[in-house]
Amino acid sequence: MSSSHPSPSSHPSPASGVPAPPPTTEPPPSVVARLRAAGCVFAEDEAALLAAAARTPDALAAMVERRAAGHPLEHVLGWAEFGGLRIAVDPGVFVPRRRTEYLLGRAVALGRRAAERTGRRTVAVDLCCGSGAVGTALATALDGVELHACDIEPAAVRCARRNVAAVGGQVHEGDLFAALPVHLRGRIDVLTANVPYVPTEEVGLLPPEAREFEPLVALDGGTDGLDVLRRVTAAAPRWLAPGGHLLFETGERQADRAVEAVRRSGLLAEVATSDERYATVVIGTLPAGADGADGR
Ligand SMILES: C[S@@+](CC[C@H](N)C(=O)[O-])C[C@H]1O[C@@H](n2cnc3c(N)ncnc32)[C@H](O)[C@@H]1O
C-alpha cells in the first residue's frame with residue numbers, strides 16, 4: 001500500500017477556489033485498526049479523511065473496505081490534493097502525484113513571464129491531462145489564462161472536464177495534438193505534457209495501486225519510456241508561440257535521451273531537478289525569433 005497520501009493538515013481548497021472546511025470527524029478506533037491491519041502506513045490520517053468524507057456509517061464502512069482492498073486513497077475519497085487545490089479524481093483515472101507540483105511551479109513561473117513579455121493573456125495547454133490537475137492548478141495560479149487540456153482516455157476527459165471547467169478551460173478528447181483546435185497552432189505559451197514515461201518492462205514493478213487501478217495507457221511509455229514523449233517533442237514546435245515552452249517530467253535515467261529529442265525538434269533544452277520532490281523536468285523553448293508554424 002502506498003505511503004503517499006493527501007496531507008490532512010493542509011486543508012486544500014476545491015478547484016472552484018472555495019476553501020474546503022477542515023475534516024473534524026474523529027475516526028472510530030475500529031477504522032484505524034482495520035486500515036492499519038491492511039498495511040496503511042498513515043492509518044490515523046487516512047481514517048480521519050475517510051470519516052470526514054463519509055455521509056453515513058455504512059458509507060464509511062464501504063470506503064474503508066475499498067481502501068483495505070488496495071484502491072488508491074484518492075479514488076476512494078474522490079479527490080487528490082495538488083497545487084493547494086482539491087482536484088476531483090475518478091476511479092480509473094491517473095492520480096496526480098505531488099512530485100508533479102515541481103513541474104507546475106516551473107510552468108507557473110514561465111507563464112507569468114510570458115504574460116509580461118507578450119502583454120496578452122497566456123495561452124496554456126495541458127496535454128495528456130488525466131484529471132486535469134496540472135492545467136487547473138496552472139490556470140488558478142495565473143490569473144486570466146486561455147486554458148485547453150486533452151487526453152485520449154474518455155474517463156480522464158470526463159473527470160478533467162469537472163476540474164478544468166471550474167477555471168474556465170476546455171477539455172478535448174483525442175490523440176495528443178490531434179485533439180486540439182487548430183487555432184492553437186503557433187499560439188501556445190506554456191505546454192505541459194506529463195506523458196506516460198514508464199518503460200514497458202518496468203510497469204510490472206510499479207506499486208499495485210498504480211498497476212491495478214490506473215490505466216496502462218497512463219503509465220506505459222513504450223520500450224524506453226519515451227515513445228509518447230518523442231511524438232510530443234516532434235510536433236511541439238508547430239504548436240508553440242515564439243518563445244513558448246514545453247515542459248514534461250522524465251525519469252532521471254531518461255533525461256539525456258529526452259533532451260536529445262527536444263534538441264532534435266529544434267527547441268532549446270534545459271533540465272531542472274528537485275531533490276526535495278525527486279523530480280526531473282525538461283523544458284524545451286522555441287527560440288523567440290523562430291516560427292515553428294512554418295511548413296505545417
Ligand atoms: C502519467 S498520466 C498524467 C496525467 C496528468 N497530466 C497528471 O499529471 O496527473 C498520462 C496521461 O496521458 C494520457 N495519454 C496517454 N497517451 C495519450 C495520447 N496518445 N494522447 C492523449 N493522452 C494520452 C493518459 O490517458 C493519462 O491520463
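Q: Where does Ala-149 lie?
A: This is a predicted model. In it, Ala-149 is part of strand β5.

Q: Is Ala-149 buried or exposed?
A: The test is a count of C-beta neighbours, and 20 or more within 10 Å makes a residue buried. Ala-149 has 32 other C-beta atoms within 10 Å, so Ala-149 is buried.

Q: Which residues does Ala-149 touch, not counting those up to four places away in sequence?
A: Its partners include Asp-126, Cys-129, Gly-132 and Gly-135. Ala-160, Val-164, Gly-169 and Val-171 are also among them. As for a distance along the chain, Ala-179 is 30 residues from Ala-149, and their C-alpha atoms are 9.1 Å apart.

Q: What secondary structure does the protein chain have?
A: There are 10 helices and 10 strands. The protein chain has 296 residues, of which 45% count as buried.

Q: How much of the contact in the protein chain joins residues 24 or more positions apart?
A: Among contacts with a separation of 6 or more, such pairs make up 66%.

Q: How many residues are in the largest nonpolar core?
A: First the general idea: in soluble globular proteins, nonpolar side chains tend to be buried together. Here the largest nonpolar core has 86 residues. Leu-50, Cys-129, Leu-138, Leu-191 and Leu-229 have the most contacts inside it. Domain 1 (13-77) and domain 2 (98-285) each give this core at least three residues.

Q: What is Leu-50 in contact with, leaving aside its neighbours within four places in sequence?
A: Leu-50 is in contact with Val-31, Leu-60, Met-63, Val-64, Arg-67 and Val-76. One of these, Val-64, lies in helix α3, residues 57-68. Val-64 counts as buried because it has 25 C-beta neighbours inside 10 Å. Besides Leu-50, Val-64 touches Val-31, Arg-34 and Leu-35, again not counting residues up to four places away.

Q: Is Val-32 buried, partly exposed or exposed?
A: Val-32 has 19 C-beta neighbours inside 10 Å, so it counts as partly exposed. Val-32 is in helix α1, residues 29-37. Leaving out residues up to four places away, Val-32 touches Pro-27, Ala-43, Glu-44 and Ala-47. Glu-44 is 12 residues from Val-32 along the chain, and their C-alpha atoms are 5.6 Å apart.

Q: Which residues come nearest to the ligand?
A: There are 22 residues around the ligand, and Pro-96, Cys-128, Gly-130, Ile-152 and Ala-218 come nearest. By type, the shell divides into 15 nonpolar, four polar and three charged residues. Helix α6 (133-141) and strand β5 (145-151) each supply at least two residues of the shell.

Q: How many residues of α6 are buried?
A: Eight of its nine residues are buried, so α6 is mostly covered. Among the buried ones are Ala-133, Gly-135 and Leu-138.

Q: What is the phi of Cys-128?
A: Most residues other than glycine have a negative phi, and most peptide bonds are trans. Cys-128 has a positive phi, near 55°. Cys-128 is in the loop between β4 (122-127) and α6. With 24 other C-beta atoms within 10 Å, Cys-128 is buried. Tyr-278 also has a positive phi, near 50°. Tyr-278 is in the loop between β9 (268-274) and β10 (279-285). Tyr-278 counts as exposed because it has 12 C-beta neighbours inside 10 Å.

Q: What is the mean pLDDT of the protein chain?
A: The mean is 91, and 90% of the residues reach 70 or more. Over residues 2-21, however, the pLDDT is below 50. Beyond near neighbours in sequence, that stretch has 47 contacts in the model. Where pLDDT is low, the predicted coordinates should not be read in detail.

Methods
Residues are numbered from 1 along each chain as its sequence is written. This is a predicted model: local features need pLDDT of at least 70, side-chain atom pairs count only at pLDDT 80 or more; totals for chains, interfaces and linings use all residues. A residue is near a molecule or strand if its C-beta atom, placed from the backbone, lies within 6 Å of it. Helices (H or I, at least four residues) and strands (E, at least two) are DSSP runs, numbered from the N terminus. Ala, Val, Leu, Ile, Met, Phe, Trp, Tyr, Cys and Pro count as nonpolar, Asp, Glu, Lys and Arg as charged, and the others, Gly among them, as polar. Two residues are in contact if their C-beta atoms, placed from the backbone, lie within 7 Å. A nonpolar core is a set of buried Ala, Val, Leu, Ile, Met, Phe, Trp, Tyr and Cys residues joined through C-beta atoms within 7 Å. Domain bounds come from an automatic or database domain assignment. pLDDT is the predictor's confidence in each residue, from 0 to 100.
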